[in-house]
Amino acid sequence: LGAMAAGDGGRFHIVSPLLESVALSKAAGTKVYMKLENVQPTGSFKIRGIGYTCQEAAKRGCQRFICSSGGNAGLAMAYAARQLGLQATVVVPSSTSPIVVQKLRDLGAHVEICGKVWDDANERAKELAKCEGCVSIHPFDHPLVWQGHASLVRELRDALEAKPGAVVLSVGGGGLLAGVAAGLRDVGWQDVPIVAVETWGAHSLHAALEAGRLVSLPDITSVAKCLGAKTVSARALQCAQELRVVSQVVEDAEAVHAMERFLGEPAGTAAPA
């Protein structure tokens, strides 16, 4: 399954580096480590859960994967499909960068552009997934996705001398939050607080926590389009209610400033902000 998959049961992700960020440590007044998921084959943590989900679907005889995505989940699915020798269709909203669309096509995926935000694209993906031989790969709301993302915490346990004081992560649909929560339970770190960061205008988890139930944002108005799910997953809300989760919302300007400092893109820099 290729060099990236060698040596660990055919997985598609690599064990990413864990390095101290001098800038963040200075700003926070304590040691801050960054888990560098940007070095994954598809450029984000998504390959962990999406890759694992695709492999399990392939075992059941799937012929084509269907995914709705703002970018990173689609790239992960397209990469996994390419590695498995299967077909892939990614439905993206019109807000998706043309560069991302081209990357998806370069990986061999068929790309369909539908709607303004991810939620629109997801409705179209549901329709396409009804075709025979097709399997819908949800970008964040599936137990196999969370199980794959949980590998992040197992790697933290192996790399750190002691459990961390907190884990800071960005929230879009909540797949990373649910996966990290599962990983913390797996390694006995369920008392470690999770700081769940969103940008205003894509703050579906924060809105749900305030309401005490799932709520839908009227629109995605944040520049961090990849954090743009109008409604967070039910599992993410459940995790936030059961574990020590601190919901933090930052302004777009703070995310953009963090992007300038850390050379990322706004969806990935909500947490550093």
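The legends below describe a predicted model of one protein chain, beginning with the whole chain and continuing with selected parts.

**Figure 1. Overall fold of the protein chain, with 11 helices and 9 strands.**
The C-alpha trace spans about 55 × 45 × 35 Å along its principal axes. For 273 residues, a compact globule would have a radius of gyration near 19 Å, and the protein chain has 18 Å, so the value agrees with that of such a globule. Of these 273 residues, 50% count as buried. Contacts between residues at least 6 apart in sequence were also examined: 64% of them join residues at least 24 apart.

**Figure 2. Surface and charged side chains of the protein chain.**
The accessible surface comes to about 12,400 Å², and 52% of this area belongs to carbon and sulfur atoms. The chain carries 26 positive and 26 negative side chains. The centres of the two sets of charges lie 3 Å apart.

**Figure 3. Helix α8, residues 175–186.**
The 12 residues of α8 should span 16 Å at 1.5 Å a residue; the end C-alpha atoms of the helix are 16 Å apart, which agrees. Helix α8 is mostly covered, with 9 of its 12 residues buried. The buried residues are Gly175, Leu176, Leu177, Ala178, Gly179, Val180, Ala181, Gly183 and Leu184. Glycine 188 follows α8 and has a positive phi, near 80°.

**Figure 4. Helix α7, residues 151–159, and the elements against which it packs.**
In α7, the buried residues are Ser151, Leu152, Val153, Glu155 and Leu156. An α-helix has 3.6 residues a turn, so residues three or four places apart point the same way.

**Figure 5. Threonine 42 in the loop between β2 and α2.**
Is threonine 42 buried or exposed? A residue counts as buried when its relative accessible area is under 20%. Threonine 42 has 11% relative accessibility and therefore counts as buried. When its neighbours within four places in sequence are left aside, threonine 42 is in contact with Ile47, Leu75, Ala76 and Tyr79.

**Figure 6. Separation of threonine 42 and glutamine 63.**
These two residues are 21 residues apart along the chain. The C-alpha atoms of threonine 42 and glutamine 63 are separated by 22 Å.

Terms used
Residues are numbered from 1 along each chain as its sequence is written. This is a predicted model: local features need pLDDT of at least 70, side-chain atom pairs count only at pLDDT 80 or more; totals for chains, interfaces and linings use all residues. Side-chain values use heavy atoms; hydrogens and water are left out. Helices (H or I, at least four residues) and strands (E, at least two) are DSSP runs, numbered from the N terminus. The radius of gyration is taken over C-alpha atoms; the globule rule is 2.2 Å times the number of residues to the power 0.38. Buried means under 20% relative accessible area, exposed over 50%, partly exposed in between (1.4 Å probe, protein chains only). Contact means heavy atoms within 4.5 Å. Accessible areas come from the Shrake-Rupley method with a 1.4 Å probe; for residues, only the protein chains shown count as cover. Lys and Arg count as positive and Asp and Glu as negative; His and the chain ends are not counted. The place of a charge is taken as NZ of Lys, CZ of Arg, CG of Asp or CD of Glu. The expected span of a helix is 1.5 Å times one less than its number of residues.
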